[in-house]
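Me: Could you walk me through this model? I'd like to start with what sits around the ligand.

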Amino acid sequence: MPSDAVKNTSVENLLIIPATTDLSSADINLMANEKRSFMLHDALHQPDIDSLALDYILIDCPPSLNILTVNAMIASDAVVVPLQSEFFALEGLSQLMLTIRDIRQTAKPSLRIEGVVLTMYDKRNNLCQQVEADARGNLGDLVFETVIPRNVRLSEAPSFALPIIDYDPASKGSHAYHALAKEIIDRERTPKNRRAS
Ligand SMILES: Nc1ncnc2c1ncn2[C@@H]1O[C@H](COP(=O)(O)OP(=O)(O)OP(=O)(O)O)[C@@H](O)[C@H]1O
Ligand SMILES: [Mg+2]
């Protein structure tokens with residue numbers, strides 16, 4: 001059953017399905033399967049997953065656009081796109097937008113872009129400000145108000161196997177992710193047509 005892969009975490013109400021090394025060959029193994037793009041969608045719609053009554057399922061994707069990413073998008077209602085505050089970031093983003101359009105046209109008309117979040121942001125860096133201005137100029141409200149700063153506490157947290165909210169709840173990184181979560185929840189409650197584009 002899909003739920004056999006679900007594990008508890010130290011955070012209340014947070015469950016996780018960790019990746020295993022099997023995932024690295026999944027794209028090759030999936031190729032032979034006629035329903036290869038819908039495997040994750042179908043797995044997440046099983047009654048045992050439904051019975052967990054989850055509010056949100058977050059699917060962490062690789063940066064590449066492959067069969068795993070396509071599975072994730074078809075399984076999802078919406079996509080949250082992290083945008084690193086660097087020069088070529090916007091180019092990768094336009095490629096992703098085309099893929100999302102493709103997925104809408106072929107497999108999942110209702111797929112939304114929930115928003116784009118700027119990460120690794122350093123407000124003293126001119127390039128970061130330029131990327132932010134370009135992103136907001138081109139994408140408007142699609143860009144979350146919250147930006148995730150470059151923050152050393154965020155980079156330390158994984159080596160202690162702790163989420164930032166436990167590792168250093170008072171850090172700028174923790175506050176930023178908290179604000180992002182709130183913004184996403186608020187957007188869900190007040191859906192706007194502008195984000196259907
Ligand atoms: N805002 C931040 N400030 C400082 N360090 C960060 C920040 N975000 C991520 N990092 C660090 O950068 C590295 C990569 O981060 P992360 O794993 O989130 O990126 P990713 O794009 O998902 O990478 P991958 O492609 O490997 O999945 C990690 O060591 C992480 O701790
Ligand atoms: Mg990652």
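Reply: Some wording first: Ala, Val, Leu, Ile, Met, Phe, Trp, Tyr, Cys and Pro count as nonpolar, Asp, Glu, Lys and Arg as charged, and the others, Gly among them, as polar. This is a predicted model, in which local features need pLDDT of at least 70 and side-chain atom pairs count only at pLDDT 80 or more, while totals for chains, interfaces and linings use all residues. Residues are numbered from 1 along each chain as its sequence is written, and ligands are numbered from 1 in the order in which they are written.

Me: How does the shell around ligand 1 divide into nonpolar, polar and charged residues?
Reply: The shell holds 6 nonpolar, 2 polar and 1 charged.

Me: And which residues surround ligand 1?
Reply: Ligand 1 has Pro63, Met120, Ile148, Pro149, Arg150, Asn151, Leu154, Ser155 and Pro158 around it, each with a heavy atom within 4 Å of it. Taken alone, ligand 1 exposes 620 Å², of which the protein buries 45%, with areas from the Shrake-Rupley method and a 1.4 Å probe.

Me: Where does a backbone N or O atom of proline 149 lie?
Reply: That atom of proline 149 is 2.9 Å from a nitrogen atom of ligand 1, and a backbone N or O atom of asparagine 151 also lies 2.9 Å from a nitrogen atom of the ligand.

Definitions and conventions: Heavy atoms only, no water. Polar contact = N/O pair within 3.5 Å; in protein donor to acceptor, adjacent residues only side chain to side chain.
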